[in-house]
Amino acid sequence: MRENMDEKYEGITTYKIGEVARRASVNKETVRYYEKRELIPQPDRRRSGYRIFTQRHIDQIKFIKRAQELGFTLSEIQELLDLRMDEHTTCTEIKSEAQEKYQDVVKKIEDLQRIKWTLLELIDSCAGEGPKGDCPILGALEGETDTGQNLR
C-alpha cells in the first residue's frame, strides 16, 4: 500500500522542483541531474507525480555547489557526501579529502604557470609579421622548433 504522503510530511515544509532550484540558486535541470547522479536523496512523489522536496534537498544542493566552487568534482563530492552521511566518519578523513584536493590545486597552478610562461615565450618569439609558414608559434606547436619546449 502506498504511504500517505500528507501524513509523512505533516508539519514539514515541502517544495516543488522550481522552488528548490530557486532557493538553491540553480536551475531545474541541475536539480534533476543531481537527482539522477544520486547526489541528493531520491524525493518521494505525490499521487499527482510531483516530487516532494524538503529543506534537506536544498541544503545538500548548496553543499554540492560550494564544493564545486572549491574545485571538487562531482565524484569527489559524492565521496564527501558519503563521508558526511557515515556516522563513523572522523574529521581526519574529511581533512584528508581536503588536503588531497589542495595538492591537486597546487599542481594545476604549477601547470598553469608553466603554460603561462611557455605562451609568453612563444608570443615573444614571434615578430607578428611575415607569412604564416614562418611563424615560430606554429613551428613550436608543430614540434619543428625548440621554442615552447615546455609544452611537453
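These legends describe close-up views of a predicted model.

**View 1. Four basic residues form a positive patch on the surface.**
Arg56, Lys62, Arg66 and Arg84 gather here, and their charge is positive. Arginine 84 has a relative accessibility of 44%, so it counts as partly exposed.

The members are Glu79, Asp82, Asp86, Glu87, Glu93 and Glu100. Helices H5 and H6 each supply at least two residues of this patch. One of the members, aspartate 82, is found in helix H5. Is aspartate 82 buried or partly exposed? Its relative accessibility is 45%, so aspartate 82 counts as partly exposed.

**View 2. Aspartate 82 and lysine 132 can be viewed as a pair of positions.**
Then find lysine 132, which is 50 residues apart from aspartate 82 along the chain. How far are their C-alpha atoms separated? The separation is 54 Å.

**View 3. A salt bridge joins aspartate 44 and lysine 8.**
How many salt bridges does the structure hold? The count is eight. In this one, the side chains of aspartate 44 and lysine 8 meet, at 2.7 Å from N to O. The pair links distant parts of the chain, 36 residues apart. Aspartate 44 belongs to strand E1, residues 44-45. Lysine 8 belongs to helix H1, residues 5-8. With a relative accessible area of 36%, lysine 8 is partly exposed.

Glutamate 29 pairs with arginine 32 in a salt bridge. The closest N and O atoms are 2.5 Å apart. Where do the two residues lie? Both are in helix H3, which spans residues 28-36. They are three residues apart, or about one turn of the helix. Arginine 32 has 30% relative accessibility, so it counts as partly exposed.

**View 4. A salt bridge joins two buried residues, lysine 101 and glutamate 76.**
The side chains of lysine 101 and glutamate 76 meet at 2.9 Å, N to O. Lysine 101 lies in helix H6, residues 91-125, and glutamate 76 lies in helix H5. The pair therefore ties together parts that are 25 residues apart in sequence. Are lysine 101 and glutamate 76 buried or exposed? Both are buried. Elsewhere, salt bridges that share partners join Glu19, Arg22 and Arg23 into one network.

Start with cysteine 126 and look for the closest cysteine sulfur. That sulfur belongs to cysteine 135, and it is 3.9 Å away. The structure's disulfide count comes to zero. Cysteine 126 has 22% relative accessibility, so it counts as partly exposed.

**View 5. Serine 25 has a positive phi.**
Serine 25 is a residue other than glycine, yet its phi is positive, near 60°. Where is serine 25 placed? It is in the loop between helix H2 (17-24) and H3. Its relative accessibility of 65% makes serine 25 count as exposed.

**View 6. Glutamate 38 also has a positive phi.**
What is the phi of glutamate 38? It is about 60°, a positive value, although glutamate 38 is not a glycine. This residue is found in the loop between H3 and E1. Glutamate 38 is exposed, and its relative accessible area is 61%.

Technical notes. Residues numbered from 1 in each chain as written. Predicted model: local features only at pLDDT ≥ 70, side-chain atom pairs only at ≥ 80, totals over all residues. Heavy atoms only, no water. Patch = residues over 30% accessible without salt bridge, like charges linked within 9 Å, V, L, I, M, F, W, Y side chains within 5 Å. Areas by Shrake-Rupley, 256 points an atom, 1.4 Å probe, with all protein chains shown as cover. Lys, Arg positive; Asp, Glu negative; His and termini not counted. Charge placed at Lys NZ, Arg CZ, Asp CG, Glu CD. Buried < 20%, exposed > 50% of the residue type's maximum accessible area, 1.4 Å probe, protein only. Helix = DSSP H or I, 4+ residues; strand = E, 2+ residues; numbered from the N terminus. Disulfide = S-S within 2.5 Å.
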